[in-house]
Amino acid sequence: MKLRTTGSSTTTSIPMGHYGSPEYHGLGEGAPRVDNSHKVSIIPLVFLIFYEVSGGPFGIEDSVQAAGPLLAILGFLVFPLIWSIPEALITAELGTMFPENGGYVVWVSSSLGPFWGFQQGWMKWLSGVIDNALYPVLFLDYLKASYHIFEGGLPRTLAVLILTVALTYMNYRGMTIVGWVAVFLGVFSILPFIVMGFVSIPKLKPSRWLVVDSHNIDWNLYLNTLFWNLNYWDSISTLVGEVQNPKRTLPKALFYALILVVAAYLFPLLTGTGAIPLERELWEDGYFSTIAMILGGSWLRSWLQGASALSNMGMFVAEMSSDSYQLLGMAERGMLPAFFSKRSRYGTPLVGILFSASGVLLLSWMSFQEIVAAENFLYCFGMLLEFIAFIRLRITHPTAPRPYKIPVSTTGAILMLIPPTVLICVVLAFASLKVMIVSLVAVCFGFLLQPSLKYVEKRQWLRFSVSPDLPDFTVTEDENIIDPMM
């Protein structure tokens, strides 16, 4: 690490993103960050993960429209085994190996080098911002069933703007507030589906769950709906530096959140498909409020619509937290200009929050299905880099400290990743030409953005710096090698 002058100020700094194989530099848990009393404990962390991944069954209705009840139910049973569990396990291992903000950007950079680390950060941040643009859309789709003023035009545009500003301010106020708000919103959002399930019992006909029409399946919509509703387990890694004792807390929180997410999908799906006659064309985002009206009346529909509104608020604040802390983590490692690493008086990444909110507003004009397809395409590229980085770290740093390690060998880890890799290829193959072109343009933009930022740093047009509290990951690994020999 070198001391050098950048612009008019002197800072501990190295060239932009200059860390990676074979030597990794990362922020240790002891680095001076946010007071531990303001860090996230396990219960808020579970609900933050819940909202990063799910937020409840709002948005799963398209799976029934695409493939019918049987395949929709099987999808939410089988897909977690193929995709969610492997992704959550990788997040637990690498998140505890690198317990710091930045998450998957740090994993890929330490394994594949700074260029690919930056590409990972770019694709994941963009897919996260695209994902966040969904939530105002979903919120208004549920409200428009009762309030037709939100179907389009100026009222809908103003509603999106007001929602974005209000929820962005909540992120600005701090992670502790966001975490406990997520707990409250999660409980309130799940309750009406539990009530709807009990109300539906006299009307349930299990034979309705077995309906399938193999000649009428929209595989693109079906896979995209499953993929969108069961991914993003790794998003919590970008703010692990804000978590109390992450080496113990993160694996437990991921386990509890996995159970919560799967149950929150299957229970309403079994209720809705089993209690009312099937009309597949009606199963689109917002249809659960109609089911609530049929089963329980206007009071249950109003409650469920309110729960949808709050759930979308929870997903928005959780995703924005992840996106903004990712930018902060990248800036602390010299991958982005130093102003991205500045925190507000509440300890939150102000510039990262503003950038993420701006992206949401720019993308909120897209339709629900276009947003899902575009973010899935970009997310797939990012996950392939994560898989490669995970395996390569197992091979190149086998003795590195891993507080949680998946109980399989490197060969077993490779075998574990074959099904999700095949799934990624299938999702990419089913993408429409429009989504494919837009996404590939975004990927190519990232290839140009990283060398452009390096040029900006070289010309000293903006200041880039690396935190002075960067310990050497390889030192700890060397100690693990020496100790058994002694």
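Where does Gly 314 lie? Gly 314 sits in helix H10, which covers residues 298–332. Helices here are DSSP runs of H or I with at least four residues, strands are runs of E with at least two, and both are numbered from the N terminus.

Before going on, a word about the model. It is a predicted one, so local features need pLDDT of at least 70 and side-chain atom pairs count only at pLDDT 80 or more, while totals for chains, interfaces and linings use all residues. Residues are numbered from 1 along each chain as its sequence is written, and side-chain values use heavy atoms, with hydrogens and water left out.

## The whole protein

The protein has 15 helices and two strands. It has 486 residues, and 58% of them count as buried. Buried means under 20% relative accessible area, exposed means over 50%, and partly exposed is in between, using a 1.4 Å probe and protein chains only. The accessible surface comes to about 19,200 Å², and 69% of that belongs to carbon and sulfur atoms. These areas come from the Shrake-Rupley method with a 1.4 Å probe, and for residues only the protein chains shown count as cover.

Now for contacts, meaning heavy atoms within 4.5 Å. Take the contacts in the protein with a separation of 6 or more: 85% of them are between residues 24 or more positions apart.

## Back to Gly 314

Is Gly 314 buried or exposed? Gly 314 counts as buried because its relative accessible area is 0%. Leaving aside neighbours within four places in sequence, Gly 314 is in contact with Tyr 51 and Leu 185.

## How the helices cross

Axes are lines fitted to C-alpha atoms, for helices over the stretch in contact, and the angles run from 0 to 180 degrees between N-to-C directions.

| Helix pair | Axes come within | Crossing angle |
|---|---|---|
| H5 (residues 153–172) and H10 | 9 Å | roughly 55 degrees |
| H6 (residues 175–200) and H10 | 8 Å | roughly 150 degrees |
| H1 (residues 42–53) and H6 | 8 Å | roughly 65 degrees |

What do we call these angles? Under 35 degrees counts as roughly parallel, over 145 as roughly antiparallel, 65 to 115 as roughly perpendicular, and the rest as oblique. Handedness is a separate matter: a crossing is left-handed if the near helix is turned anticlockwise from the far one by less than a right angle, and right-handed if clockwise. For the residues in a contact, Ala, Val, Leu, Ile, Met, Phe, Trp, Tyr, Cys and Pro count as nonpolar, Asp, Glu, Lys and Arg as charged, and the others, Gly among them, as polar.

Start with H1 and H6. With axes crossing at roughly 65 degrees, H1 is roughly perpendicular to H6. H1 passes H6 in a left-handed crossing. Residues making this contact include Phe 47, Leu 48 and Tyr 51 of H1, along with Trp 180, Leu 185 and Gly 186 of H6. The contact residues divide into 14 nonpolar, three polar and no charged.

H6 also meets H10. These two are roughly antiparallel to each other, and the crossing is left-handed. The residues of this contact divide into 18 nonpolar, five polar and no charged.

H5 and H10 are oblique to each other, and H5 passes H10 in a right-handed crossing. Here Thr 164, Leu 167, Thr 168, Met 170 and Asn 171 in H5 meet Met 313, Phe 316, Val 317, Met 320 and Ser 321 in H10. That set splits into six nonpolar, four polar and no charged.

## Three residues in loops

Asn 216 is in the loop between H6 and H7. At 43% relative accessibility, Asn 216 counts as partly exposed. Not counting residues up to four places away in sequence, Asn 216 touches Ala 66 and Arg 280. The C-alpha atoms of Asn 216 and Ala 66 are separated by 8.0 Å, although the residues are 150 apart along the chain.

Asn 245 is in the loop between helix H7 (219–229) and helix H8 (246–275). Asn 245 is not a glycine, but it has a positive phi of about 45 degrees. Its relative accessible area is 41%, so Asn 245 is partly exposed.

Gln 460 is in the loop between helix H14 (433–458) and helix H15 (473–485). Its phi is positive too, near 60 degrees, in a residue other than glycine. Gln 460 counts as partly exposed because its relative accessibility is 42%.
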